[in-house]
Amino acid sequence: MDGKHRGNSPYVSEIDYRMLISQGTARSERINLQLACSLAGIAGALNAAAFYAVGFFSGNMTGNVSSLSDNLATLHWLRAGFYFAIVVTFVAGSTLSSLLINAGRRRAIEAIYAYSILAEAILLVPLGAVDLWLNVDWRSSLEILGLAFLMGLQNATVTRLSDARVRTTHVSGMATDIGVELGMLVDICRGRESQALAADNRSKLALHLGTISAFLVGGIAGVTAYRVIGGYLLLICALVLLAISLTGIRHARTLTTTASRRGWRRGGP
């Protein structure tokens, strides 16, 4: 990246689109951190607001499977069925994401991950409408299942994009990774591990701490906002996801167009 982009807004814009475009070795920890913080903040807001509103988590499959076990053991079949539905719906969202990404990669669609986040933004809109204007007894169940589907879609997209270095819809894995890296940091400081590992250790700690912090702050903001504006929170989150995804799509098209022009010039007279 050349120096003329480092001190101005185009540099920030470039980082914004790269977080949903760059793959494999082209991804840096800085890009992963931005991806984690932006999408984990959204996920934290939606998860916490849903729990505040109806008492269920849409993205915490560890807790949901534990609740499923508890209700099966105590013969509460109806509640067990609902927890089972949450888990299945989360898996269905992940499956759709994977199918979408596979299809996009086969067709060499540069912005396929951004399109997946765009799908999440679009599907979040009717859920916001349900919360605001649908007054039926099963509204809460529909919202939780819908959010579980979207959390599965988002988490699978981020997992595929970052080669499983980033998770955004739950923090159990991130908390474990923080413990692992703290243990490594202690041994590096004691001279038991190579100092050559220090930079990678610091970047991983920053990524995991940033993810959990974003999820926490997003959750606080989500509950606070939901208490004031209700279902409009879902529409605001949809707008944020829309802006993130469209930025990636627009810049991916620009990159594709530029590459095509360069290829044409090299092949021309």
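Me: Which residues of helix 4 are buried?

Reply: In this predicted model, the buried residues of helix 4 are Ala80, Phe82, Tyr83, Ile86, Val87, Thr89, Phe90, Gly93, Ser97, Ile101 and Gly104.

Me: What covers the buried residues of helix 4?

Reply: The cover includes helix 3, helix 5 and helix 6.

Me: How do you know that the span of helix 4 agrees with its number of residues?

Reply: Helix 4 has 30 residues, and at 1.5 Å a residue these should span 44 Å. The end C-alpha atoms are 43 Å apart, so the two values agree.

Me: What describes the packing of helix 4 and helix 5?

Reply: Two packed helices are described by the angle between their axes and the distance between the axes. For helix 4 (residues 77–106) and helix 5 (residues 112–133), the axes come within 9 Å and cross at roughly 145°. The crossing is right-handed.

Me: Which residues make the contact between helix 4 and helix 5?

Reply: Helix 4 contributes Ser97, Leu100, Ile101, Gly104 and Arg105, and helix 5 contributes Ile112, Tyr113, Tyr115 and Ser116. By class, five of the residues in this contact are nonpolar, three are polar and one is charged.

Me: Why is Ala121 called buried?

Reply: Ala121 has a relative accessibility of 2%. Buried means under 20%, so at 2% Ala121 counts as buried.

Me: Where is Ala121 found, and what does Ala121 touch?

Reply: Ala121 lies in helix 5. Leaving out residues up to four places away in sequence, Ala121 touches Ala238, Leu241 and Leu242. The C-alpha atoms of Ala121 and Ala243 are separated by 9.2 Å, although these residues are 122 residues apart along the chain.

Me: Which residues touch the most other members of the largest nonpolar core?

Reply: They are Leu20, Leu46, Ile86 and Leu124, in a core of 51 residues. The elements that give two or more residues to this core are helix 2 (29–54), helix 3 (61–73), helix 4, helix 5, helix 6 (139–161), helix 8 (198–229) and helix 9 (232–267). Helix 2 provides the largest share, 10 residues.

Me: What does Ile86 touch?

Reply: Not counting residues up to four places away in sequence, Ile86 touches Phe56, Phe57, Met61, Asn64, Ile144, Leu145 and Ala148.

Conventions
Residues numbered from 1 in each chain as written. Predicted model: local features only at pLDDT ≥ 70, side-chain atom pairs only at ≥ 80, totals over all residues. Heavy atoms only, no water. Axes fitted to C-alpha atoms, helices over the stretch in contact; angles between N-to-C directions. Helix = DSSP H or I, 4+ residues; strand = E, 2+ residues; numbered from the N terminus. Left-handed = near helix turned anticlockwise from the far one by under 90°. Contact = heavy atoms within 4.5 Å. Nonpolar A, V, L, I, M, F, W, Y, C, P; charged D, E, K, R; others polar. Core = buried A, V, L, I, M, F, W, Y, C linked by side-chain atoms within 4.5 Å. Buried < 20%, exposed > 50% of the residue type's maximum accessible area, 1.4 Å probe, protein only. Expected span 1.5 Å × (residues − 1).
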